[in-house]
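Please open the model in a viewer and keep the sequence panel at hand.

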Amino acid sequence: MPWKRRISFALAIVAAAGGAVAVASSAASAPDDGFSAVPPPAPVPVTSHDRVYTADQTSNTVTVIDPPANKVLGTIALGAQRLSNTLNPQYLDDENVHGLAYSPNRQRLGVVSIGSNTVDIIDTTTNQVLSHTDVGRASHEGSFTRDGREFWVADRGRDTVTIVDALHGGVIENLPVGTGPSKVVMSPDGRTAYVNHIALPEITVVDVASRRITGHITGLGDVFSSDLAISPDGRELWVPHKRAGKTSVVDLVHHRVQAVLTTGPDTNHPNFAGDFAYLTVGGLDETLVYRRSPGSPKLVATVHDTGHAPHGIWPSGDGSRMYVGMEKSDSVDVIDTRTQRVVSSFGVGQEPQALVYVPNAAPGGGAPNLGTQGLGQQGHDVAATLPDGSDGTTLDPATGRRLEVTVRPIAGLDSIGLQARGLAPNTTYTASSVDSHGARTTLVSFRTDAMGNAPQVLAFAVFTGRSVALSTGATGAVQAAMDDTGGCCCC
């Protein structure tokens with residue numbers, strides 16, 4: 001029987017000045033359109049049996065967190081810290097641990113590693129790997145089927161979704177879905193899979209039982225979409241466009257784009273609490289809160305994150321908290337959804353990407369088989385200067401920072417990550433560390449793309465400088481422009 005009413009989490013109403021609005025309970029009539037919506041899951045109070053997980057792509061770990069205490073319990077090491085053993089041709093473990101999803105029974109975690117093209121299924125009670133499966137090129141994000149027997153993962157470097165046997169490991173089938181699939185999400189009733197792309201402005205719709213494509217939702221706000229999320233009632237998809245700074249809101253009742261929002265540079269992951277949608281905006285260090293509505297959603301709050309580059313996001317089981325991973329600060333912010341403010345922040349593994357909150361993941365409350373790899377080695381941003389001498393770290397409210405430099409320790413060296421926005425297009429630059437006396441040491445030369453951007457430039461050295469300065473021209477080999485479609489590993 002189709003549901004005729006939309007039910008949200010029972011959360012407190014807060015009156016707030018200046019337009020800050022908190023999550024509220026509501027029940028609004030839905031049209032009799034034949035759409036089989038399902039009720040959102042019943043609220044689950046936060047307990048010590050819950051777990052928060054982050055996928056940390058530089059330390060190649062999964063961080064395990066106790067949410068009532070907001071305490072890190074340890075990490076699950078799936079590979080060596082970046083540059084430790086990963087250049088060894090005999091290296092056998094995971095690299096660039098990136099994607100996360102959990103099974104409907106909340107006892108299995110699916111972990112996707114982009115660099116090694118692998119999926120690991122982890123038992124959440126023992127924190128041990130149950131199976132390890134080689135999947136398609138540049139596998140990114142996936143989801144379990146409703147029965148928990150399969151894990152579907154999008155292969156960005158191919159045109160396939162790889163279907164993994166989640167019980168025993170191994171590939172069941174490679175399903176062609178179109179160029180550059182980026183993520184798979186399942187409808188709440190488990191009947192339909194939705195796939196976004198990094199090279200197509202559309203959503204591919206797949207019938208899960210038959211594994212057949214049943215349609216395409218076109219007209220998205222940009223061709224590149226890294227992440228997406230489906231609302232708990234199954235009525236909407238929120239599809240961020242990281243490069244364009246936009247988000248497409250898709251009406252799944254009528255299979256059409258309902259709105260295209262301008263959300264900001266490096267718009268990343270969406271998620272939901274009650275009638276509200278949350279979006280991380282990495283280039284502005286903000287999490288945006290929108291009230292869902294039949295027309296264009298309304299921005300009701302802007303949360304200023306404590307770290308840099310918010311990325312993965314997930315609500316607690318009762319919707320009272322929103323957990324946000326800080327990619328460039330190696331930390332997690334906790335947002336109180338009643339006040340829309342950060343109430344806690346703590347360090348995790350290195351370069352957290354996806355994040356999930358799993359109610360009752362550890363029914364016994366234990367945390368066995370955990371280590372400390374990647375902990376206590378948080379990245380930090382340093383001052384950066386553009387070729388004309390201006391401060392590259394000045395935050396523009398529309399375009400973000402023109403030059404961000406993140407330094408983190410790894411394996412006896414430092415990883416120096418640069419992200420440039422709005423520089424001269426198709427131009428070569430050299431980044432140098434600058435010491436306290438103004439002396440420069442070359443780190444890396446790189447080239448911007450046609451938009452003047454360089455989403456990710458990596459250098460590895462012992463960093464002893466006080467800041468980083470850009471100059472035009474090259475010193476030695478030039479790192480080619482790496483756009484998000486060509487292999488950006490932190491998207």
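Select Glu351, whose place is in the loop between β29 (341-347) and β30 (352-358); strands here are DSSP runs of E, at least two residues long, and helices are runs of H or I, at least four residues long, numbered from the N terminus. The model is a predicted one, in which local features need pLDDT of at least 70 and side-chain atom pairs count only at pLDDT 80 or more, while totals for chains, interfaces and linings use all residues. Residues are numbered from 1 along each chain as its sequence is written, and side-chain values use heavy atoms, with hydrogens and water left out.

Although Glu351 is not a glycine, its phi is positive, at about 65°. Most residues other than glycine have a negative phi. With a relative accessible area of 6%, Glu351 is buried; buried means under 20% relative accessible area, exposed over 50%, and partly exposed in between, using a 1.4 Å probe and protein chains only.

A salt bridge is a side-chain nitrogen of Lys or Arg within 4 Å of a carboxyl oxygen of Asp or Glu. By this rule the count comes to 15 salt bridges.

**Three further salt bridges**

Next, select Lys183 and Asp227, whose closest N and O atoms are 3.2 Å apart in a salt bridge. Lys183 lies in strand β14 (residues 181-186) and Asp227 in the loop between β17 (212-218) and β18 (229-230), so the pair ties together parts that are 44 residues apart in sequence. Both Lys183 and Asp227 are buried.

Move to Asp285 and Arg401, which form a salt bridge with closest N and O atoms 3.0 Å apart. Since Asp285 sits in the loop between β23 (276-281) and β24 (286-291) and Arg401 in the loop between β31 and β32, this pair ties together parts 116 residues apart in sequence. Asp285 and Arg401 are likewise buried.

Arg256 counts as partly exposed, at 41% relative accessibility, whereas Asp251 counts as buried, at 7%.

**The eight-stranded sheet**

Now display the open sheet of eight strands, ordered β36-β33-β32-β31-β37-β34-β35-β38 with mixed pairing; two strands pair if DSSP finds at least two bridges between them. At its edges are β36 (454-461) and β38 (478-479), each of which pairs on one side only. Strand β35 (residues 440-447) runs parallel to β38, and two bridges join them.

What stands opposite Phe446 in β38? It is Gln479. Phe446 also touches Leu418, Tyr429, Ala454, Val457, Leu470 and Val478, among others, not counting residues up to four places away in sequence; contact means heavy atoms within 4.5 Å.

Colour the largest nonpolar core, a set of 21 residues in which Leu403, Val405, Ile416, Leu418, Phe446, Val468 and Leu470 touch the most other members. Such a core consists of buried Ala, Val, Leu, Ile, Met, Phe, Trp, Tyr and Cys residues joined through side-chain atoms within 4.5 Å. A second, separate core of 15 residues includes Val64, Ala354, Val358 and Ala361.

**Ile163 and Arg211**

Select Ile163 in strand β12 (residues 160-165), which is buried with a relative accessible area of 0%. Among the residues that Ile163 touches, not counting those up to four places away in sequence, are Phe151, Trp152, Ile172 and Arg211. Continue to Arg211, which lies in the loop between β16 (202-207) and β17. Phi of Arg211 is near 60°, a positive value in a residue other than glycine, and at 22% relative accessibility Arg211 counts as partly exposed.

**The whole chain**

Finally, zoom out. The protein has zero helices and 38 strands. Its radius of gyration is 22 Å, close to the 23 Å that the globule rule gives for 491 residues, so the protein is as compact as a globular protein of that length; the radius is taken over C-alpha atoms, and the rule is 2.2 Å times the number of residues to the power 0.38. The C-alpha trace spans about 70 × 50 × 45 Å along its principal axes, and buried residues make up 57% of the 491 residues.
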